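The following exercises concern the architecture of a protein chain. Each task is followed by a solution in steps.

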Amino acid sequence: MSILVWIEQIQGNAVSSCWEVLGKAQSLAAELGTTAVAVVAGDSVDELAQQALRYGAATVYTASSPVLARFRLQPYTAVMEAAIDAVGATVVLTSATNQGRILAATVACKRNAGLAPNAGDLRIDDGALVVERTVYSGNIIADIHFESELRVATVRPRSFPMPQPAAADGDVHALPISLNEDDVRVKITDFRAANTAEVNLNDARIIVSGGRGVAADPDKGFQLVAELADVLDAAVGASRAAVDAGYIPYKHQVGQTGKSVKPDLYIAAGISGAIQHLAGMGDSKIVVVINKDPDAPIFERARYAIVDDLFTTLPALTEEFKKRLG
Ligand SMILES: Cc1cc2nc3c(=O)[nH]c(=O)nc-3n(C[C@H](O)[C@H](O)[C@H](O)COP(=O)(O)OP(=O)(O)OC[C@H]3O[C@@H](n4cnc5c(N)ncnc54)[C@H](O)[C@@H]3O)c2cc1C
C-alpha cells in the first residue's frame, strides 16, 4: 500500500507542479502510515530520480528508454501499470496537466479504478483518501469518495505549496519493463516547443489577461497586455470572447472551456466577469480589474478595482512597474 506520484518531464526537466503533488503525497502517506513513491519515465532519468528523492519521495521507480523520450500514452501507461504493480499502489496521483490528465484517465480505465479529476485539495477521512474539487463553475465544492480499491486523482497545479528540497534519502529502483519502439502505435515526427514563457498559464504566479474590451484596437490592446506581463514576468491570458474574435490564440484562454489557473495575482483588463471566465480564475489570490464599466460583475471578485480605459491604464501600470522593479 503506497501513494504513487507520476513525475512528468518535458525534455528532461520536471514539471514543477509534480513536486507540489509529491509534497502533499508525502504528508498524506505519513497520515496513512505508508510512503510516497515517485515514478519517473524518460530517455535518461537518473537526475530526475535524485530530484524526486530530494523533494520527498521515499522510493523512486524509474523507466529509462529512448521510447519514453517524449510523452506517448501507450508506453507511459505501461510504465504506470508496472509501477502500480511494483509498489502495490492504492493511490495514484498526477498533476492535472494535459498529459497528467490523459495518463490518469487511461490508467483508471485500465485498472477499473475511480478517477477524481482536477482536485483542489486532498485529505484522509477514516483512513481513506477524499478528494475536494470544485464543480458547476466553481459554485460548489464537492467531496469525492472512492469505492474502488485503487484511487486515481489529478491535482490542479498550485493547489499545494512547493516542498523544500532536502538531502536525497531513499532508494531508486529500475522497473522491470521492456519497451519496443515497433510496438508503439503513435510516432512523433516533429517537435516544436511552444513559447512557454508566453503561455505557461498553469504554473504562472502572475497572469495579465485581456478581453473583448480591447475591441477598439485588438492588436494594440494585447500588445499592452503583453508589455505589462513582460515587466511583471507574467503569463498572458484571455477571455473566450477575445479568443473567439481571433485577437489571440486559444492556448491563452482562461475559463470553463480554457485553462483553469490559480495565480497569486490575476490582472483582468476589459473582461466583464462571465461565470465561465470566473470558473477558470476564481481561485486567484489577488484579482486586479481594469474596466470602464463600474457595474461589470468581475468587480465583485476584485481586490483592487480600476474603473478606467485599459488603453491608458495598462501603459501607465507598465511604466510604473518598470520604474519600481527596475
Ligand atoms: C459553454 C460556454 C463556455 C464558455 N467558456 C468560457 C471560457 O472558458 N472563458 C471565458 O472567458 N468565457 C467563456 N465563455 C463565454 C462567456 O460567457 C463570456 O461571453 C466571455 O467570458 C466574455 O468575454 P469578455 O469578458 O472578454 O467580453 P465582454 O463580456 O464583452 O466584456 C468586455 C468588457 O470590457 C469592458 N471594456 C470595453 N472597453 C473597455 C476599455 N477600453 N477599457 C476597459 N474596459 C473596457 C466592458 O465594460 C466589458 O465589461 C463560455 C460560454 C459558454 C456558453
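Domain bounds, as used below, come from an automatic or database domain assignment. The model is predicted.

**Exercise 1.** Determine how the protein chain is divided into domains and describe the contact between them.

Solution. 
- Step 1. The domain assignment gives domain 1 (2-183) and domain 2 (196-325).
- Step 2. The C-alpha centres of domain 1 and domain 2 are 32 Å apart.
- Step 3. To the contact, domain 1 contributes 10 residues and domain 2 contributes 10 residues.
- Step 4. On the side of domain 1 that touches domain 2, one residue is nonpolar, seven are polar and two are charged.

**Exercise 2.** Characterise helix α9 by its span, its buried residues and its packing partners.

Solution. 
- Step 1. Helix α9 (residues 310-325) has 16 residues; from first C-alpha to last it reaches 21 Å, close to the 22 Å expected at 1.5 Å a residue.
- Step 2. Leu310, Thr313, Leu314, Leu317 and Thr318 are the buried residues of α9.
- Step 3. Viewed down the axis of α9, these buried residues fall within an arc of 130°, so they line one face of the helix.
- Step 4. Thr312, Ala316, Glu320 and Lys323 are exposed on the other side of α9.
- Step 5. The partners against which the buried residues of α9 pack are α6 (218-232), β15 (265-269), β16 (286-291) and β17 (304-307).
- Step 6. After α9 comes Gly326, with a positive phi near 70°.

**Exercise 3.** Decide whether Ala83 is buried or exposed, and identify which residues Ala83 touches.

Solution. 
- Step 1. Ala83 belongs to helix α3 (residues 73-87).
- Step 2. A residue counts as buried if 20 or more other C-beta atoms lie within 10 Å of its own.
- Step 3. Ala83 has 28 other C-beta atoms within 10 Å and is therefore buried.
- Step 4. Leaving aside residues up to four places away in sequence, Ala83 touches Leu4, Val39, Tyr61 and Leu175.
- Step 5. Glu149 is 66 residues from Ala83 along the chain, and their C-alpha atoms are separated by 16 Å.

Definitions and conventions. Residues are numbered from 1 along each chain as its sequence is written. This is a predicted model: local features need pLDDT of at least 70, side-chain atom pairs count only at pLDDT 80 or more; totals for chains, interfaces and linings use all residues. Helices (H or I, at least four residues) and strands (E, at least two) are DSSP runs, numbered from the N terminus. The expected span of a helix is 1.5 Å times one less than its number of residues. A residue is buried if 20 or more other C-beta atoms lie within 10 Å of its own, exposed if 12 or fewer, and partly exposed in between; C-beta atoms are placed from the backbone. The arc is that of the directions from the helix axis to the C-beta atoms. Two residues are in contact if their C-beta atoms, placed from the backbone, lie within 7 Å. Ala, Val, Leu, Ile, Met, Phe, Trp, Tyr, Cys and Pro count as nonpolar, Asp, Glu, Lys and Arg as charged, and the others, Gly among them, as polar.
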